[in-house]
Amino acid sequence: MDHVDKIVAQWAKERPDLDTAPMALLGRLLRASARSSQATGKTFARFGLNSAAFDVLATLRRSGAPYRLSPGALMDMTMVTSGTMTNRIDQLVKAGLVERIKNPEDGRGFLVALTDKGFDLIDEAVTAHTETQARLASALPEKDQVALTALLKKFLAGLEEKTDAE
């Protein structure tokens with residue numbers, strides 16, 4: 001019995017009328033997410049990063065050369081508000097990991113660009129991150145990882161459809 005099974009058993013005793021199957025599914029997803037976030041947070045910390053800083057640097061790095069994006073594009077790709085993105089950029093500029101440069105296509109705007117220091121750091125950090133993810137995923141055999149990935153993709157698509165309609 002895992003932690004979620006104990007919760008479901010308690011509800012079954014107290015409220016046998018409730019269908020707790022969705023609670024069991026979502027409870028396990030939430031616990032898995034929390035555990036994986038803890039592990040990846042430790043990996044990021046080894047590089048002096050948190051998940052927010054990693055997210056911005058990784059977004060810039062995976063965007064390809066010249067590794068620069070507008071703040072709006074960064075907001076869209078990381079799904080955060082303007083104020084949150086401004087704060088993240090400010091912190092990364094202070095750390096010397098990104099710089100603001102004039103946008104050649106819009107004289108009023110700027111782009112956020114990886115510095116050489118930021119590029120080197122995110123390359124090291126993303127390598128360690130993928131190693132951490134592989135270690136975590138190894139809790140399941142590869143064929144189960146493939147099956148779970150397919151199921152979660154299907155689940156997430158349906159979940160996004162239902163929540164976007166609200």
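Tutor: To begin with a term: a residue is buried under 20% relative accessible area, exposed over 50%, and partly exposed in between (1.4 Å probe, protein chains only). This is a predicted model, in which local features need pLDDT of at least 70 and side-chain atom pairs count only at pLDDT 80 or more, while totals for chains, interfaces and linings use all residues. Residues are numbered from 1 along each chain as its sequence is written, and side-chain values use heavy atoms, leaving out hydrogens and water.

Student: Which residue forms a salt bridge with Asp-17?

Tutor: Arg-15 does, with the closest N and O atoms 2.7 Å apart. A salt bridge here is a side-chain nitrogen of Lys or Arg within 4 Å of a carboxyl oxygen of Asp or Glu.

Student: And is Asp-17 buried or exposed?

Tutor: Asp-17 is exposed, at a relative accessible area of 55%.

Student: How many salt bridges does the count come to?

Tutor: The count is five. One of them joins the side chains of Asp-2 and Arg-28, at 2.9 Å from N to O. That pair links distant parts of the chain, 26 residues apart: Asp-2 is in the segment before α1 (3-14), and Arg-28 is in helix α2 (residues 21-45). Helices (H or I, at least four residues) and strands (E, at least two) are DSSP runs, numbered from the N terminus.

Student: What about Asp-5, which residue does it form a salt bridge with?

Tutor: Asp-5 also pairs with Arg-28, and their closest N and O atoms are 2.7 Å apart. Asp-5 lies in helix α1 and Arg-28 in helix α2, so this pair ties together parts 23 residues apart in sequence. Through shared partners, Asp-2, Asp-5 and Arg-28 are joined into one network.

Student: How exposed is Asp-5?

Tutor: Asp-5 is partly exposed, with a relative accessible area of 30%. Asp-2 is partly exposed at 31%, and Arg-28 is partly exposed at 33%.

Student: Changing topic, in which sense do β2 and β3 pair?

Tutor: Strand β2 (residues 98-103) and strand β3 (residues 106-114) are antiparallel, with six bridges between them; two strands count as paired if DSSP finds at least two bridges. They form a hairpin with two residues between them.

Student: Which residue in β3 does Val-98 stand opposite?

Tutor: Val-98 faces Leu-114 there.

Student: Lastly, what does the UniProt annotation say about residues 23-157?

Tutor: The unreviewed UniProt entry annotates residues 23-157 as "domain: HTH marR-type". UniProt positions follow the numbering used here, feature names are shortened, and annotations may be inferred rather than shown by experiment. In the model, this span is 70% helix and 13% strand, and its end C-alpha atoms lie 19 Å apart.
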